[in-house]
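Subject: Structure handover and notes on aromatic pairs and surface patches

Dear colleague,

Please find below the structure that I am handing over to you, followed by notes on what was found in it.

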Amino acid sequence: MSSPLADEPVEPAGDDGEPLDEDECADYLDELGAAWEVIDGHHLEASYEFPDFETALSFTNDVGELAEKEWHHPDIALSWGEVGVEMWSHEVGGLTRADFVMAARMDRLYADYDE
């Protein structure tokens, strides 16, 4: 089941925005799939598993297309049967709502692979 966050717009915080606090991060994290963790209150990390390299690469390309469309780019680590994702909003030096929206959209993309 997809989080309603996945339907929300990805809105940048802007240079004068503030990162989310610990409680706000926890609330948004509750809306994501189990793959996601907030690390040091600074960034989100997830690891998605796949049956082979080709499928992991396909998912990586889908995430890349999403990132380009929304102009919100995660760090992606591709290996055989696994894709690691790390993201935060660089302009505020931490997490914003946009990061959680992107994470929810990645979960939605993964649901197509995990059927």
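A search of the whole structure finds 9 aromatic pairs, where rings of Phe, Tyr and Trp (its six-membered ring) pair if their centres lie within 6.5 Å, and planes under 30 degrees apart count as stacked, over 60 as edge-to-face and the rest as tilted. Tyr 48 belongs to strand β2 (residues 43–49) and Tyr 110 to helix α3 (residues 97–113), so the pair ties together parts that are 62 residues apart in sequence; helices (H or I, at least four residues) and strands (E, at least two) are DSSP runs, numbered from the N terminus. Tyr 48 and Tyr 110 are both buried, a term that means under 20% relative accessible area, with exposed being over 50% and partly exposed in between (1.4 Å probe, protein chains only).

This is a predicted model, in which local features need pLDDT of at least 70 and side-chain atom pairs count only at pLDDT 80 or more, while totals for chains, interfaces and linings use all residues. Residues are numbered from 1 along each chain as its sequence is written, and side-chain values use heavy atoms, with hydrogens and water left out.

Turning to Phe 59 and Tyr 113, their ring centres lie 5.7 Å apart and their planes stand at 90°, so the pair is edge-to-face. This pair also links distant parts of the chain, with Phe 59 in helix α2 (residues 53–70) and Tyr 113 in helix α3, 54 residues apart. Phe 59 is buried at 0% relative accessibility, whereas Tyr 113 is partly exposed at 24%. Together with Trp 36 and Phe 50, the residues Tyr 48, Phe 59, Tyr 110 and Tyr 113 form one aromatic cluster.

Phe 53, which lies in helix α2, is partly exposed with a relative accessible area of 36%.

Kind regards
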